[in-house]
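Subject: Structure handover

Hello,

Here is the structure you asked to have passed on. My notes on its pockets and on one helix pair follow below it.

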Amino acid sequence: MQRVKAIVSYDGTRFSGYQIQPGMRTVQMEIDKALVKMHKDKEIFSVASGRTDSGVHANGQVIHFDTPLNLPIDRWKLALNVLLPTDIRLVEVEYVNEDFHARYSATGKTYVYKWSYSEVHSPFERDFSVHLGRSNPDIQVMKEAAAYLIGTHDFTSFCSAKTATSNKVRTVRMLTLEKKGDHLIMTIEGNGFLYNMVRSIAGMLLVVGNGWKTPEDVKQILESCSRKANVKTAPAHGLYLEEVSYKD
């Protein structure tokens, strides 16, 4: 058996998230279905760095799977992309040691969130950025609020009540906001993220940018470690899993 690592890009619009769910179209379902076809109906299961929600996109999701096939490495990308639907693509494939694990070997993740300033939100972008409409958020104030979220904190206030883990402490290593053309881009990198944490941070920073809360309010909400703060969760379609990092 050999272990294969792949970087996967997908348009999350028509998926009910990444993880397999009975009766639902998911990214993992489509990948595993393609793997079964390649292995002549033998069950092969992929493992991802983590799940993404319905509507969330990925440029750099990472998966691994074990295979008895001994193919030239470039054949994997060609063969699987033929079998996969066009809203999923393998962009990079390599053989790795058997101790590599897409989830447990990861040392960090980077997410990007996109808002659009355009006067008229293009129909070709409606699923890939969140329209700001008449809103013109103050980016400098958003940066001031973001500074309170960098570092190691209990992020209970910035995750869903459905979060399974009891340990809500995470480290945000980098959190930036910048205007690029017609877009406002939030980039966040950390050692891991709780359920809806990135979207909650995006939602809160936009609230601050619109003047409805202050950066100091964000500090107080973070320190409260309470979901009673009612932090708004930003829409899923503006979010992208950009990169998963590993020691090597």
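This is a predicted model: local features need pLDDT of at least 70, side-chain atom pairs count only at pLDDT 80 or more; totals for chains, interfaces and linings use all residues.

Helix pair. The axes of helix α3 (residues 139-147) and α4 cross at roughly 135° and come within 8 Å. α3 and α4 are therefore oblique to each other. The crossing of α3 past α4 is right-handed. On the α3 side the contact is made by V141, M142, A145 and A146, which meet L205, L206, V208 and G209 of α4. Sorted by class, this contact between α3 and α4 holds seven nonpolar residues, one polar and no charged.

Largest pocket. Its volume is about 1,200 Å³. The lining of the largest pocket consists of 39 residues, and G50, R51, R103, K109 and F193 are the ones nearest the centre. At least two lining residues come from each of β2 (47-48), β5 (106-116) and α4 (197-209). β5 contributes the most to this lining, with five residues. By class, the lining of the largest pocket has 18 polar, 14 nonpolar and seven charged residues.

Second largest pocket. This one has a volume of about 240 Å³. The second largest pocket is lined by K5, E94, V96, N97, D99, F100, S105, Y246, K247 and D248. Five of the residues in that lining are charged, three nonpolar and two polar.

Regards

Note on methods: Residues are numbered from 1 along each chain as its sequence is written. Side-chain values use heavy atoms; hydrogens and water are left out. On a 1 Å grid over the protein atoms alone, a cavity is a set of points where a 1.4 Å probe fits but cannot get out, and a pocket is an open set with protein on both sides within 12 Å along at least five of seven lines; lining residues have an atom within 4 Å of a point. Grid points are joined across faces, edges and corners, and a volume is the space filled by probe spheres set on the points. Helices (H or I, at least four residues) and strands (E, at least two) are DSSP runs, numbered from the N terminus. Ala, Val, Leu, Ile, Met, Phe, Trp, Tyr, Cys and Pro count as nonpolar, Asp, Glu, Lys and Arg as charged, and the others, Gly among them, as polar. Axes are lines fitted to C-alpha atoms, for helices over the stretch in contact, and angles run from 0 to 180 degrees between N-to-C directions. Angles under 35 degrees count as roughly parallel, over 145 as roughly antiparallel, 65 to 115 as roughly perpendicular and the rest as oblique. A crossing is left-handed if the near helix is turned anticlockwise from the far one by less than a right angle, and right-handed if clockwise. Contact means heavy atoms within 4.5 Å.
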